[in-house]
Amino acid sequence: MKTDFIDIADHDAASLRAILNDAKSRKDARKGLPKGVPDADKPLEGRILAMIFDKQSTRTRISFDVGMRQLGGTTIMLTGSQMQLAREETIADTARVLSRYVDVVMIRLLDHEMVMDLAANCTAPVINGLTKLSHPCQVMADILTFEEKFGSIQGRTVAWSGDANNVCTSWIHAAAKLDFTLRVAAPPELQSRPALRDWVHKVGAKVEFGSDAEAAVEGADCVVSDAWVSMGDEDSTKRHNLLKPFQVNSKLMARANKDALFMHCLPAHRGEEVTDDVIDGPQSAVWDEAENRLHVQKSIMAWTLGAI
Ligand code: CP
Ligand code: NVA
């Protein structure tokens, strides 16, 4: 049975911990090495990663590419529009063909069901590089970043302020699996879907849903925001008005713990979901989060291929 990495919710805490621990030790072992030098053990030597992007990306495409090289493997970069997918070859048939050529597939595609379909028909592991529903690699990097500063996230409190989008969903999954409190402040129109809220209830996760950003941030260890307009939402005109009260500025940050981190997956829209003084300020962890995409995704790839 091959192992995919589609959602944090699909995996138990021990697996997530194994990935995070491997990422920490690989990152430590590389201190001072030039970025192009492979890790000493080259655990994925001879392996090939195919990356399919149907949407824009800076961090995901570069960090997966560099990460696979550091693990000793090689990569192939593809875009949906250049593939026969754009001429109606099905994702299932594409999966069957990819299975014959490559060892692991990473895909960014808004349609989550299509990613599930790819995984179901591909004998190589499939990694979710962002769908409309979730962004698990991002949140694994964020947890790594949190734990570098504070130690275990278990029992700590994270506040989300803004659109309860794909990144927020992966934070909700992580709160359930790694046992921390997540307070989600979002306008009612942009709050998490009922099915997700039912899941939270069913698994007994410590996730609180509300629409008061100040209350959510009060005493939090980490405040997270993201774009008001995610990929695929560009035609929604109401969002800016709905989301104005959720901007993370110094007044809102002042309600969090004194040493609280500010996180954002990037790209940021300065002056919208976050102000310059916060994202450029001493509490901001955004560049560490971006770096940690590289470290944690290496461990996700190694884990899907049975190398940890
Ligand atoms: N955070 C993130 O996934 O960035 P990219 O869209 O640049 O890959
Ligand atoms: N929520 C954002 C994340 C971008 C990395 C989006 O889906 O566009």
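Guide: What follows describes the surroundings of ligand 2 and then two annotated spans of the chain. The model is predicted, and the distances and areas below are computed from it.

Ligand 2 sits in the largest pocket. Around ligand 2 are Leu130, Asn165, Asn166, Asp226, Ser230, Met231, Cys265 and Leu266. By residue class, this shell consists of four nonpolar, three polar and one charged.

Polar contacts to ligand 2 involve both side chains and backbone. On the side-chain part, Asn166 places a polar atom 2.8 Å from an oxygen atom of ligand 2, and Ser230 has a polar side-chain atom 2.7 Å from a nitrogen atom of ligand 2. On the backbone part, a polar atom of Met231 is 2.8 Å from an oxygen atom of ligand 2. Ligand 2 taken alone exposes 270 Å², and the protein buries 93% of that area.

Residues 4-148 carry the annotation "domain: Aspartate/ornithine carbamoyltransferase carbamoyl-P binding". In the model, this span is 43% helix and 14% strand, and its end C-alpha atoms lie 26 Å apart. Residues 154-303 carry the annotation "domain: Aspartate/ornithine carbamoyltransferase Asp/Orn-binding" in that unreviewed entry. Here the end C-alpha atoms are 22 Å apart, with 39% helix and 15% strand over the span.

How values were computed. Residues are numbered from 1 along each chain as its sequence is written. Chains are lettered from A and ligands numbered from 1 in the order in which they are written. This is a predicted model: local features need pLDDT of at least 70, side-chain atom pairs count only at pLDDT 80 or more; totals for chains, interfaces and linings use all residues. Side-chain values use heavy atoms; hydrogens and water are left out. A residue is near a molecule or strand if one of its heavy atoms lies within 4 Å of it. A polar contact is a pair of N or O atoms within 3.5 Å; within protein, one must be able to donate a hydrogen and the other to accept it, and residues adjacent in sequence count only if both atoms are side-chain atoms. Accessible areas come from the Shrake-Rupley method with a 1.4 Å probe; for residues, only the protein chains shown count as cover. On a 1 Å grid over the protein atoms alone, a cavity is a set of points where a 1.4 Å probe fits but cannot get out, and a pocket is an open set with protein on both sides within 12 Å along at least five of seven lines; lining residues have an atom within 4 Å of a point. A molecule sits in a cavity or pocket if more than half of its atoms lie within 2 Å of its grid points. Ala, Val, Leu, Ile, Met, Phe, Trp, Tyr, Cys and Pro count as nonpolar, Asp, Glu, Lys and Arg as charged, and the others, Gly among them, as polar. UniProt positions are given in the numbering used here, feature names are shortened, and annotations may be inferred rather than shown by experiment. Helices (H or I, at least four residues) and strands (E, at least two) are DSSP runs, numbered from the N terminus.
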